[in-house]
Amino acid sequence: MSLLLTTLISVPLIAALIVALIPGNFRFIIRLVALGATLVSLGLAVAAFVQFQPQGFDPAKLATFQMQHKVAWITSDVININYHVGVDGISIGLLLMAAIVAFAATSVSWEIKTGEKTFYLLLLLMTGGAFGAFCSLDLFFFYFFNELALVPTFIMIGVWGRGPQKNYATYQITLYLTLGAMLALVGLIALYVSAGVDSLDIVTLKEALSKKALSSGAQSVIFPLLLFGFGILVGLFPFHSWAPLGYAAAPTATAMMHAGVLKKAGLYAIIRVALPLMPEGVAKWMPVLAVLCVGNIIYCGWVAMRQKDLNMLIGNSSVAHMGFVFLGIASESLIGLTGAVVIMVAHGLLAALSYGLSGYVYNTTGTLKMDELGGLLRKMPFIGVAMVMCFMAGCGLPGFANFNGEMLVMVGAWKVLPNIVVFAAWGGLVISGIYMLRAIRSVLHGPAQARTEKVGEFVIKEPLPASEGGLGFLGAITAFFHSALGGGVWQLWRKLPYALLLASLILFGCFPSLLTSKIKGSIAEVVNLSHKVSPAKATAVAPTPAPLNVADTRN
Amino acid sequence: MNPELLPWIILLLPLTSAVVITLFTRGSKGLSAGISIGAIATAFVASIILFAKTGGGSLLGPLLNLEWINLQELKLGDEHNFIINFGFKIDALSQLMLLIVTGVGTAIHVFSWGYMHEDRSVPRYFASLSLFCFSMLGIVLANNLMMMFIFWELVGVSSYLLIGFWFEKPSAADAAKKAFLTNRIGDFGFMLGILMVWGLVGTMSFDGIAAALAKNPAALGTMGTVAGLLIFCGAMGKSAQFPLHVWLPDAMEGPTPVSALIHAATMVAAGVFLLCRVFVVFTPDALTVIGWIGAITALIAALMAVQQNDIKRILAYSTLSQLGYMVMAVGTGGVVLGQGPSAAMYHLTTHAFFKAMLFLGAGSVIHACHHEQDIWQMGGLKKKMPVTYWTFLIGTLALAGVPPFSGFYSKDAILAAALEANKGWFVIAALVALLTTFYMSRLFIVAFLGKPRSESAEHAHESPGIMSFPLIALAIPSVLAGVFGINHLLDHQFGVEGHGSHGPVAELFAPFGHSPFAAIFGVLAVVFGVSFAFALYGNAEKDPLPKTLGLFARAMARRFYFDEIWSFLIRITHEALSYVADFIDRWLVSGLMVRGTHGSFEIAGRALRLLQSGNIQTYALLFVAGLVVVLLIVLK
């Protein structure tokens with residue numbers, strides 16, 4: 001038993017509580033609490049990542065989770081719900097990514113100038129929810145934490161959002177995400193009922209279902225419910241149009257957290273729940289998913305090519321990248337699925353970086369229309385260079401983590417779905433190149449435009465607000481930190497979130513085994529379980545033994 | 001010192017330089033330039049030491065093959081087996097390339113400091129240059145296809161950064177974008193080729209592929225030709241082969257030393273290097289296609305070069321044409337059994353020296369003439385810039401293939417191979433040799449001889465020592481590379497029954513003994529080319545060709561309209577499709593579905609609101625109506 005994960009989840013939630021108790025006009029203190037909490041949880045997440053031991057794979061027995069902590073919550077004859085957290089190779093990388101993004105998102109939130117208290121409260125809830133979702137092993141708590149993280153999105157877009165399409169975007173994102181969550185919930189309840197073990201604990205479910213699989217009928221209903229329910233939360237084609245719109249209207253931190261972290265929870269659930277528990281559903285639905293992912297990669301890529309707003313372009317490209325994850329899932333191979341998890345981590349960092357940078361540009365120039373921008377590389381050297389690197393990572397440049405994931409997905413899918421891989425390679429190499437370079441060309445290159453003529457980066461503007469100055473002890477602390485962060489330190493501080501995200505992308509890009517060695521063992525089990533078709537079926541379909549070495553745990 | 005460390009030093013020094021400059025020395029021009037020059041020069045020394053220690057042979061060792069990604073889980077089944085190493089393949093081929101890249105690179109780095117020192121972004125320039133060297137050395141050293149692809153992409157991006165160095169100039173920014181995207185189209189094929197080879201053979205390492213094919217020559221099966229041609233797509237992008245050649249002339253928007261290093265000597269040669277590296281993969285059919293693509297590129301590019309007036313563009317088209325020559329030479333390797341692509345590598349080597357020198361010479365001229373690039377605005381530079389004049393002359397003679405300059409020997413090797421392989425290729429090769437001599441003489445006569453035609457040419461003066469020294473340094477191998485015996489090193493690499501070197505003097509006359517017909521044709525092409533050029537341009541004030549050739553000359557000047565064809569193709573495919581996709585997204589998916597859902601709920605809400613008006617009479621009416629309906633149903 002280890003309390004590490006529980007501590008990690010509770011730090012942002014407790015901080016949210018503290019923020020709730022601080023008066024709303026202590027803006028700097030509120031910000032400091034939020035930053036401190038996300039920084040501490042980043043430290044804890046790094047500790048967990050380092051502590052995690054790569055696991056081997058043994059087909060004869062199920063893998064164990066590490067750093068488990070289990071507290072019984074409801075125990076009865078008919079229902080058992082436990083607070084149960086733990087990590088394996090799939091979630092550990094996501095957890096680290098979530099912590100990095102949460103810290104970066106909090107750091108760039110200085111753009112919020114009204115209602116800071118509520119904003120940071122929601123942001124911290126979101127962070128805690130995201131951590132909880134990736135750690136929970138009981139599906140009840142997974143769902144709870146996921147919703148805890150999702151709901152603040154709607155409020156944040158509605159209140160602090162921007163642009164003329166704000167309300168429409170809020171409609172759309174609420175509609176789609178609620179629909180997806182509902183489908184998934186129905187699927188989970190059906191799973192609970194048909195598994196008949198009176199528990200939603202993933203460990204119990206896996207044990208029970210690997211001995212006695214769900215009936216074919218149940219699988220063929222539950223699997224698509226989970227696949228499309230969670231798929232909608234990710235932006236699976238053709239349910240993707242909420243994402244770019246919603247992110248374009250969202251405040252920077254929300255877009256970073258949602259596109260980077262929360263979206264991955266849907267993919268995570270598909271890999272964690274749908275694949276290993278329902279092999280027949282996998283066999284039936286993967287061809288469909290393989291076709292839909294072309295929609296993501298190619299179609300959304302084309303849509304991205306047409307965008308005139310930078311955030312819409314980033315949003316569509318982000319949906320396009322999700323196609324690679326779906327392709328990895330559809331490949332059902334160790335290589336492809338590992339690649340999918342690598343992309344989930346990499347894209348989380350990348351999406352956060354893209355929205356963080358575009359948010360900065362929006363705040364300094366007041367627009368994200370690409371034909372009004374230009375020449376920013378000269379005006380904002382740091383932001384400009386970071387943006388070039390970010391867009392290059394977005395079109396799959398080696399050296400950044402995204403390439404490794406995409407490459408693994410294509411390799412893994414090549415033997416099963418070669419035709420799809422041809423589309424994926426075209427989308428990943430050519431189409432993404434077209435829109436990313438177009439963005440660089442019109443935003444960063446070229447001569448400066450009227451809007452960008454006079455902008456600079458990291459200019460210190462506002463003095464300390466008077467309301468905070470005269471509050472005795474707290475005011476003194478505030479003033480101290482404010483002056484300490486002045487000048488050069490202040491500049492470094494503003495650069496830190498971007499530098500951190502970039503550094504992580506490059507680190508995992510150059511040393512992919514940091515991730516893959518951890519992911520491998522856990523994914524191997526998923527692949528093994530997802531290929532386990534029930535014995536009767538296996539003999540009926542193919543007289544030869546199943547292609548994978550399934551050392552028998554089935555009856 | 002352990003020789004296994006040398007490749008690591010060679011590879012990582014430029015990377016370190018790029019990182020250090022970006023992070024720490026952005027403020028200092030001199031320091032940044034010093035770090036970058038120091039890194040590449042040290043890498044050059046290390047390459048020489050490596051060559052000396054191994055005698056140009058191969059080197060193996062545990063440090064040269066580190067694991068990068070390991071996704072092997074044999075308990076799941078044999079197909080879950082995927083390991084990529086970060087490894088180096090050290091043999092004659094890679095060592096020769098190492099010497100070229102670091103050697104030519106050093107000269108160009110030094111020249112750059114002279115050429116660029118007034119620019120405000122010198123640190124960024126040298127950081128990008130170092131990044132490029134790192135990527136290029138990675139391609140050279142890679143021991144498997146994936147590693148090669150990774151550095152391949154990195155080379156693409158460093159070239160993008162350098163072409164777009166003056167990114168505020170729209171033409172430079174556009175050229176950079178075009179270069180990157182054109183390369184990406186080639187890389188799309190390359191990626192699929194890698195996947196296909198991996199799918200068929202089960203490994204990505206060059207040694208593994210060669211071993212599998214040696215054991216079972218039919219291992220690639222019927223898809224072998226397709227796989228080979230897909231890999232060739234990558235080479236078509238980087239080495240700018242028809243029809244992906246359109247990016248190279250535009251790439252001249254970059255600073256001139258960049259054109260010398262990247263778009264003449266190294267990056268564009270990477271495609272040819274790739275073909276030599278994976279030569280075993282190509283089936284005879286694939287090689288025939290490769291040979292024809294090369295021949296077509298060589299011919300059309302040479303024709304285009306005849307009607308260009310920009311000094312850098314002439315050299316750019318000439319590079320295209322020579323690259324086509326090399327690719328064609330790779331093609332001959334399949335027909336002439338047991339020959340391998342050594343002629344291609346040979347020409348790559350000599351070409352790297354003299355073409356880099358020609359570009360640097362052009363840079364020196366441009367520098368002296370206050371950034372004038374039109375040759376018709378020059379003239380009479382012979383007396384004003386003696387060092388540039390003499391080195392440019394050497395380069396021209398070498399490129400034209402005049403014995404005993406290096407170009408003659410490598411070109412002769414290609415002519416001889418073409419003669420043996422395919423008569424059509426030989427005719428094209430001879431014609432291209434004639435055209436090459438013609439346009440190079442035209443350039444030389446117009447720019448250097450005669451009288452100055454403009455103010456800036458009038459006041460031109462020799463460039464400073466830091467720029468003329470690299471020119472001289474490159475002139476030496478341009479003259480002598482033909483008699484070093486590089487071809488024997490390469491013959492050994494590709495397992496050709498070598499004749500062995502008989503010393504420099506014998507080498508001097510070897511072509512005439514080996515394949516006299518080809519050698520004589522080569523010399524005749526030179527003689528005719530020079531005579532035509534002197535006849536037309538000896539005293540010309542402007543180009544007489546557009547008048548005599550009419551429409552054809554215009555087509556040549558407009559590059560046979562390939563750019564227009566490409567942009568038309570892109571417009572009718574991707575632009576149109578993206579328009580349709582965007583339309584569907586905007587109006588059908590989000591419009592109809594979302595607004596539809598939203599709207600239907602709203603209508604339902606409004607309808608229901610009518611029922612709940614709060615009016616007692618309405619409720620009573622509805623109550624009675626309901627009662628009537630119920631009674632009707634019950635009593636019926």
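This is a predicted model: local features need pLDDT of at least 70, side-chain atom pairs count only at pLDDT 80 or more; totals for chains, interfaces and linings use all residues.
## Chain B as a whole

Chain B holds 27 helices and two strands. Its C-alpha trace spans about 125 × 65 × 55 Å along the principal axes. Of its 636 residues, 56% count as buried.

## Helix 13 of chain A

Helix 13 of chain A covers residues 334–365, 32 residues in total. From first C-alpha to last it reaches 46 Å. That is close to the 46 Å expected at 1.5 Å a residue.

Is this helix mostly covered or mostly exposed? Helix 13 of chain A is mostly covered, with 29 of its 32 residues buried. Gly366(A) follows the helix, and its phi is positive, near 80°.

## The interface between the chains

On the chain A side, 51 residues are in contact with 44 residues of chain B. Several helices of chain A give two or more residues each to this side: helix 6 (166–195), helix 11 (279–306), helix 13, helix 14 (376–379), helix 16 (401–414), helix 17 (418–444) and helix 21 (513–530).

Which helix gives the largest share? Helix 17 of chain A does, with ten residues. By class, the chain A side has 33 nonpolar, 13 polar and five charged residues.

## Helices 12 and 16 of chain A

Two packed helices are described by the angle between their axes and the distance between the axes. Here, helix 12 (residues 310–331) and helix 16 of chain A have axes that come within 9 Å and cross at roughly 35°. The crossing of helix 12 of chain A past helix 16 of chain A is left-handed.

Helix 12 of chain A brings Phe324(A), Leu327(A), Gly328(A) and Ser331(A) to the contact. Helix 16 of chain A brings Gly405(A), Glu406(A), Val409(A), Gly412(A) and Ala413(A). The class count for this contact is four nonpolar, four polar and one charged.

An α-helix has 3.6 residues a turn, so residues three or four places apart point the same way. The contact residues listed for helix 12 of chain A include Phe324(A), Leu327(A) and Ser331(A).

## The nonpolar core

The largest nonpolar core has 449 residues. Those with the most contacts inside it are Leu95(A), Val101(A), Leu349(A), Val272(B) and Ala356(B). Helix 13 of chain A gives the most to this core, with 19 residues.

What does Val272(B) touch, leaving out residues up to four places away in sequence? Its partners are Ala235(B), Ser239(B), Leu323(B), Met326(B), Val327(B), Val330(B), Ala344(B) and Leu348(B).

## Loops with cis peptides and positive phi

In chain A the bond joins Phe237(A) and Pro238(A), with omega about 0°. Pro238(A) lies in the loop between helix 8 (216–234) and helix 9 (242–249) of chain A. In chain B the bond joins Phe242(B) and Pro243(B), again with omega about 0°. Pro243(B) lies in the loop between helix 8 (224–238) and helix 9 (247–250) of chain B.

Ala240(B) also lies in the loop between helix 8 and helix 9 of chain B. Its phi is near 50°, a positive value in a residue other than glycine. Ala240(B) is buried because 30 other C-beta atoms lie within 10 Å, and the cut-off is 20 or more.

Asp198(A), in the loop between helix 6 and helix 7 (202–211) of chain A, has a positive phi near 55°. Is Asp198(A) buried or partly exposed? Asp198(A) has 14 other C-beta atoms within 10 Å, so it is partly exposed.

## Gly138(B)

Gly138(B) sits in helix 4 (residues 122–141) of chain B. With 22 other C-beta atoms within 10 Å, Gly138(B) is buried.

Beyond its neighbours within four places in sequence, Gly138(B) is in contact with Leu11(B), Phe151(B) and Leu154(B). Trp198(B) lies 60 residues from Gly138(B) along the chain, and their C-alpha atoms are separated by 21 Å.

Conventions:
Residues are numbered from 1 along each chain as its sequence is written. Chains are lettered from A and ligands numbered from 1 in the order in which they are written. Helices (H or I, at least four residues) and strands (E, at least two) are DSSP runs, numbered from the N terminus. The expected span of a helix is 1.5 Å times one less than its number of residues. A residue is buried if 20 or more other C-beta atoms lie within 10 Å of its own, exposed if 12 or fewer, and partly exposed in between; C-beta atoms are placed from the backbone. Two residues are in contact if their C-beta atoms, placed from the backbone, lie within 7 Å. Ala, Val, Leu, Ile, Met, Phe, Trp, Tyr, Cys and Pro count as nonpolar, Asp, Glu, Lys and Arg as charged, and the others, Gly among them, as polar. Axes are lines fitted to C-alpha atoms, for helices over the stretch in contact, and angles run from 0 to 180 degrees between N-to-C directions. A crossing is left-handed if the near helix is turned anticlockwise from the far one by less than a right angle, and right-handed if clockwise. A nonpolar core is a set of buried Ala, Val, Leu, Ile, Met, Phe, Trp, Tyr and Cys residues joined through C-beta atoms within 7 Å.
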